[in-house]
Amino acid sequence: MSDRRDFFGKALGAFAGLGALGALYAAKRTWDPLPSVKAAGFTTIDLSQAKENVLYTEMWRGKPIFVIKVPKNAKPSSAPDGDMENAYDDKRLIKVGNDKFLIAIGLCTHLGCIPAYYPDQYKFICACHGGQFNAAGEVLKAPPPSPLVIPPFTVKGTKVVLGEAGPEYKKMKEAGLVA
């Protein structure tokens, strides 16, 4: 009788062990990010066909990304609180080949509204509270407390990969140009 109990005890222990392993595996799978989330971690933008002073919008991690090939004469038409400097000379622009680009998260740093770009004025205007940014994402008129946010990036030829902090991004971060 004892041999039979030993067998059932070992069988029950093995079954419980397999159940525990299955539960641990299921728990780990719920903690892992979904494949769609992993894929959204990096976004590649090809800038070879970009036209000057045209706003392109991409998506990265659920946020809009503004991309503008900034023209050499990108001086805002007016800057009520800010300076009237040419945006093309701004150090926050990303150099790709011989061109300079604004690549920024397209959310106002005041309350997260999406500002509209006015190419004839070379500036963004936020409809929520009237904040303004120049073509380089710098604040021209309050209430935004800071410039448009530049996401981590790396330049690979004529392409920019968002989500990867390359040497260009690290250099901007050391200079205090990105958050």
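This is a predicted model: local features need pLDDT of at least 70, side-chain atom pairs count only at pLDDT 80 or more; totals for chains, interfaces and linings use all residues.
A polar contact is taken here as a pair of N or O atoms within 3.5 Å, where one atom must be able to donate a hydrogen and the other to accept it. A polar atom of the T43 side chain lies 3.5 Å from the backbone oxygen of M59. T43 belongs to strand β1, which covers residues 43-46. Its relative accessibility is 13%, so T43 counts as buried; the cut-off for that class is under 20%.

Strand β1 is also part of a sheet. Three strands form an open sheet in the order β1-β11-β10, and the pairing is antiparallel. The edges are held by β1 and β10, each of which pairs on one side only. On average, neighbouring strands of this sheet are turned by 20° against each other, direction ignored.

Within this sheet, β10 (residues 153-156) and β11 (residues 159-162) pair in the antiparallel sense over four bridges. F153 has L162 of β11 as its bridge partner. T154 stands opposite V161 in β11. The two strands form a hairpin with two residues between them. G157 in this hairpin takes a positive phi near 70°.

A second open sheet contains four strands. Their order is β6-β7-β8-β9, with antiparallel pairing. Strands β6 (116-118) and β9 (139-141) stand at the edges. Each has a single partner strand, so one side of each is left without a neighbour in the sheet. From one strand to the next, the twist averages 35°. Strand β6 pairs with β7 (residues 123-125) in the antiparallel sense, over three bridges. In this pairing, A116 stands opposite I125 of β7.

The loops at β7 hold two further residues of interest. Y122 is found in the loop between β6 and β7. Y122 has a positive phi of about 55°, although it is not a glycine. With a relative accessible area of 16%, Y122 is buried. C128 lies in the loop between β7 and β8, the latter being residues 132-134. At 39% relative accessibility, C128 counts as partly exposed. C128 and C113 are 15 residues apart in sequence. In space, their C-alpha atoms are 6.5 Å apart.

Strand β5 (residues 99-105) is paired with two strands, β3 and β4. Five of the seven residues of β5 are buried, so the strand is largely enclosed by the rest of the structure. Strand β3 (residues 63-69) pairs with β5 in the antiparallel sense over five bridges. I65 stands opposite I105 in β5. Strand β4 (residues 94-96) is joined to β5 by three bridges, and these two strands run antiparallel. The bridge partner of I94 in β5 is F101. Strands β4 and β5 form a hairpin with two residues between them. In the turn, G97 has a positive phi of about 70°.

A positive phi also occurs at N53, with a value of about 60°, although N53 is not a glycine. N53 is found in the loop between β1 and β2, where β2 covers 55-60. The relative accessibility of N53 is 15%, so this residue counts as buried.

L18, L21 and L24 form a nonpolar patch on the surface. Together, these three leucines have about 350 Å² of accessible area. L21 lies in helix α1, residues 2-31. At 56% relative accessibility, L21 counts as exposed, the cut-off for that class being over 50%.

Definitions and conventions:
Residues are numbered from 1 along each chain as its sequence is written. Side-chain values use heavy atoms; hydrogens and water are left out. Two strands pair if DSSP finds at least two bridges between them. Axes are lines fitted to C-alpha atoms, for helices over the stretch in contact, and angles run from 0 to 180 degrees between N-to-C directions. Patches are made of residues with over 30% relative accessible area and no salt bridge: like charges are joined within 9 Å, nonpolar side chains (Val, Leu, Ile, Met, Phe, Trp, Tyr) within 5 Å. Accessible areas come from the Shrake-Rupley method with a 1.4 Å probe; for residues, only the protein chains shown count as cover. A salt bridge is a side-chain nitrogen of Lys or Arg within 4 Å of a carboxyl oxygen of Asp or Glu. Buried means under 20% relative accessible area, exposed over 50%, partly exposed in between (1.4 Å probe, protein chains only).
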